[in-house]
Amino acid sequence: MLSAGVLLACASAQAQDSVAAFYGGRTIPIIIGYPPGGSYDVYARLAAAHMGKYIPGRPNLMVQNKPGGIGVMRSFYETAPKDGSTIGIFPKTIAIVQLTHPEIGKWNVHNLSYIGSFANVNAVFMVRKGAPATTVQELKTTSINVGCNTPVGVSYINPAIMKKFGDLKFKIICGYPGTASLPIALARGEIDMVTGAWTAWKNRSEVTNGDVKPIIQSGLARHKELPDVPLMQEVISDPIGKKVAEFMSAGSAIGRALIVPPGVPTERIAALRNAFDQVAKDPEFLRQAAEAGAELDPKSGLETEGISNAILATPPDVIESAIAVGK
């Protein structure tokens, strides 16, 4: 009679063979809802270059940029193949959007499966040196223009929170196509401030030479490289505003994460998660990430999913106050 251990090993081998048979010879797209050039694009291309060798069957991975932001996320949720043949990398705010903009976030993040997160991503308020106001104190009395590429991303949400609860004088201008267009508009003086991932900003020449600087950051803890830059909730004095800022910043811990649609077989999710864990330790991946200036603070798929589930469990009163920010 076969022991339980032998039976388990046989079942595991069969699952591995099944996964290899599915992925062998395939090309897996990594879908991004933005144009090339932003931080989502950088992490996706690093994953595409290295992750396939750790997936049974050794499929090829390729990045597909589909500008459209949250609309692409909705299409991914509704129409992407539910077999593990498509991966996405979408805004860290998708669980927050589901709760605060249900008319837009027509998905249930509980039904998605996170494969893993490359990095915690605190967003920063970057102000140009020649702006009418360049400090938090000055922003309480002097208005500046803030660029925004989508009304459901951090480029809008974070300034809107600080405008409502921090009494900062922001004129938020939305409509810029993708995150890569915002630094250009900032350099031209069309706008005075943008909010975006510190990982995408920190190595830019305008930051290193002092032409653009961070003055506020979002997240649940100050980034290790920005110990003197206050969090949104530290600038806000209103108790409800603090809770809203913390809720709306919670996605920073999800950061840049890979995800698959609902219904993917569990053995394929497990294989993709294992491949992510392996690639996060791969020496060549680590070397190329360093060359690209891509910060790494990897979390497993299960860890990332736990963070998302905690966001989805936010009390209704905090969600209602957050919804009021956008009105």
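**Entry 1. Disulfide**

I began with the sulfur atoms and found a disulfide that joins Cys148 to Cys174, with an S to S distance of 2.1 Å. The model I am reading is a predicted one. I noted one disulfide in the structure. I then looked up the torsion: the link of Cys148 and Cys174 is right-handed, with 85 degrees about the S-S bond. Cys148 lies in strand 6 (residues 144-148) and Cys174 in strand 7 (residues 170-174), so the pair ties together parts that are 26 residues apart in sequence.

I also looked up the accessibility of each partner. Cys148 has 0% relative accessibility, so I record Cys148 as buried. Cys174 is partly exposed, with a relative accessible area of 38%.

**Entry 2. Largest nonpolar core**

Which residues of the largest nonpolar core touch the most other members? I listed Ile94, Ile161, Met162, Phe170, Met193, Ile216 and Phe247, out of 55 residues in this core. Helix 6 gives the largest share of the core, with six residues.

**Entry 3**

I turned next to open space. The largest pocket holds about 520 Å³. I counted 32 residues in its lining, and those nearest the centre are Gly38, Ser39, Thr179, Ala197 and Ala200. By class, I recorded 15 nonpolar, 14 polar and three charged residues in the lining of the largest pocket.

For the second largest pocket I noted a volume of about 220 Å³. Its lining has 13 residues, and Asn120, Asn122, Arg222, His223 and Asp297 are the closest to its centre. I sorted the lining of the second largest pocket into four nonpolar, five polar and four charged residues.

**Entry 3. Cavities**

Rolling a probe the size of a water molecule over the atoms shows where empty space is left. How many cavities of 30 Å³ or more does the structure hold? I found three. I examined the second largest cavity, which has a volume of about 50 Å³. Its lining consists of Phe90, Pro91, Lys92, Ile94, Tyr114, Ile254, Gly255, Ala257 and Ile259. By class, I have seven nonpolar, one polar and one charged in the lining of this cavity. I note that Ile94, which is in this lining, is also among the residues that touch the most other members of the largest nonpolar core.

Is Asp41 buried or exposed? Its relative accessible area is 6%, and buried means under 20%, so I record Asp41 as buried. Apart from neighbours within four places in sequence, Asp41 is in contact with Ile32, Pro36, Val63 and Asn65.

I then looked up Glu206, which lies in helix 9 (residues 205-208). Glu206 is buried, with a relative accessible area of 15%. Leaving out neighbours within four places in sequence, I found Glu206 in contact with Pro183, Trp201, Asp211 and Val212. I also checked Glu206 against Arg128: the two are 78 residues apart along the chain, and their C-alpha atoms are separated by 8.8 Å.

**Entry 4. Backbone angles**

Most residues other than glycine have a negative phi. Where does Arg58 lie? I found Arg58 in the loop between helix 2 and strand 2 (60-65). Arg58 is exposed, with a relative accessible area of 58%.

I recorded Asp167 as well, which is not a glycine and has a positive phi of about 60 degrees. I placed Asp167 in the loop between helix 6 and strand 7.

Methods:
Residues numbered from 1 in each chain as written. Predicted model: local features only at pLDDT ≥ 70, side-chain atom pairs only at ≥ 80, totals over all residues. Heavy atoms only, no water. Disulfide = S-S within 2.5 Å. Helix = DSSP H or I, 4+ residues; strand = E, 2+ residues; numbered from the N terminus. Buried < 20%, exposed > 50% of the residue type's maximum accessible area, 1.4 Å probe, protein only. 1 Å grid on protein atoms, 1.4 Å probe; cavity = no way out; pocket = protein on both sides within 12 Å on 5 of 7 lines; lining within 4 Å. Points joined across faces, edges and corners; volume = space filled by probe spheres on them. Nonpolar A, V, L, I, M, F, W, Y, C, P; charged D, E, K, R; others polar. Core = buried A, V, L, I, M, F, W, Y, C linked by side-chain atoms within 4.5 Å. Contact = heavy atoms within 4.5 Å.
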